[in-house]
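Let's take a walk through this fold, starting with its overall build and then heading inside. Have the model open while you read.

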Amino acid sequence: MADTGSSAGSETGSETGSGTAAGSGGSLPDLAITGSTGQLGGLVARILADAGQRQRLLVRDAARAPELPGADAVVSAYADPVPAKSSLAGVKTLFMVSAAEAEDRLQTHFAFVDAAAAAGVQHIVYTSFFGASADCTFTLGRDHYATEERIRTSGMDYTFLRDNFYLDFLPLMVGDDGVIRGPAGNGVMAAVARGDIARSAAAVLRDPGMHVDRTYHLTGPEDISLERAARLLTEGTGRSISYHHETLAEAYASRASYGAPPWQVDAWVSTYTAIANGELAGPTSDVFELTGREPQGLADFLKEAHRL
């Protein structure tokens with residue numbers, strides 16, 4: 001199967017449009033949430049709404065914004081600085097979910113960060129990637145690091161949520177033949193559930209002043225290899241699943257049929273080589289420290305998913 005969504009925290013559509021608001025006629029909330037029509041941002045918005053927190057939902061189509069108590073939908077843009085700046089007027093804290101994976105994603109991020117600074121945003125909470133650096137193996141992790149640097153130099157306060165690989169994505173890596181294929185070798189990763197990331201983000205957003213200029217490394221409770229993940233998926237789904245270690249040449253060849261551009265194939269393959277290189281290993285206590293609850297492991301995640 002195609003490797004899709006390989007980067008944690010890339011779940012918002014490119015926000016486009018003008019900075020118009022839908023909702024209450026009063027003053028707009030000073031907390032802005034991006035990606036509320038996606039999975040991570042949508043979870044965060046719902047958690048905040050359940051806690052009674054007012055929020056401004058920045059979306060490309062106000063009609064698609066979730067209907068939540070205390071939420072105002074505002075049409076915005078990541079790549080277009082004029083509507084972006086307008087939609088961010090009066091915002092103190094901005095939750096910025098990384099944009100959908102694209103060749104120009106970094107330029108899109110830069111435009112939005114610059115617009116936020118120009119609009120007077122005081123604090124950005126950004127969904128980054130575990131181990132992000134200028135030369136990390138996972139190619140899209142380099143974009144996350146560059147975005148962090150742009151935010152650091154913007155003059156705004158920041159909080160970075162460096163998310164490990166999503167547990168939620170593991171079942172989607174299984175091919176039609178029941179095999180996970182990739183050049184991950186015997187490497188391990190501290191994969192994390194999207195729900196734990198959302199709860200961590202909501203905790204930061206409820207009291208952002210406590211998390212100024214902090215970086216959190218959000219992981220699951222344990223390191224797992226893809227071989228062990230395959231065993232747990234077999235137990236949790238009842239389907240026979242295995243892991244096959246590919247060479248780099250095999251990995252590129254097996255993905256050639258999808259017709260994806262080279263940058264995207266590099267991202268797919270480097271997801272696995274980052275695991276092989278040990279760059280996604282090392283569970284942390286950050287989820288527990290932020291939420292007061294232990295993060296889910298794959299076995300518990302699959303049990304919960306099966307109940308839903």
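The radius of gyration used here is taken over C-alpha atoms, and the rule for a globule is 2.2 Å times the number of residues to the power 0.38. Keep in mind that what you're looking at is a predicted model. For a chain of 308 residues, that rule puts a compact globule near 19 Å, and the chain comes in at 19 Å, so the two agree.

What is the chain built from? Its secondary structure comes to ten helices and twelve strands. Take the contacts between residues at least 6 apart in sequence: 77% of them join residues at least 24 apart.

Now for the inside. Of the 308 residues, 53% count as buried. The largest nonpolar core has 60 residues, and Phe95, Leu170, Met189, Leu226 and Leu298 have the most contacts inside it. Helix α5, residues 194-206, gives the most to this core, with seven residues. Zoom in on Leu226 and, leaving aside residues up to four places away in sequence, you'll find it touching Leu170, Met173, Ile180, Ala184, Gly187, Met189, Tyr243 and Tyr272. There's also a second, separate core of 22 residues, with Tyr78, Val91, Leu94 and Tyr126 among them.

Note on methods:
Residues numbered from 1 in each chain as written. Predicted model: local features only at pLDDT ≥ 70, side-chain atom pairs only at ≥ 80, totals over all residues. Heavy atoms only, no water. Core = buried A, V, L, I, M, F, W, Y, C linked by side-chain atoms within 4.5 Å. Buried < 20%, exposed > 50% of the residue type's maximum accessible area, 1.4 Å probe, protein only. Helix = DSSP H or I, 4+ residues; strand = E, 2+ residues; numbered from the N terminus. Contact = heavy atoms within 4.5 Å.
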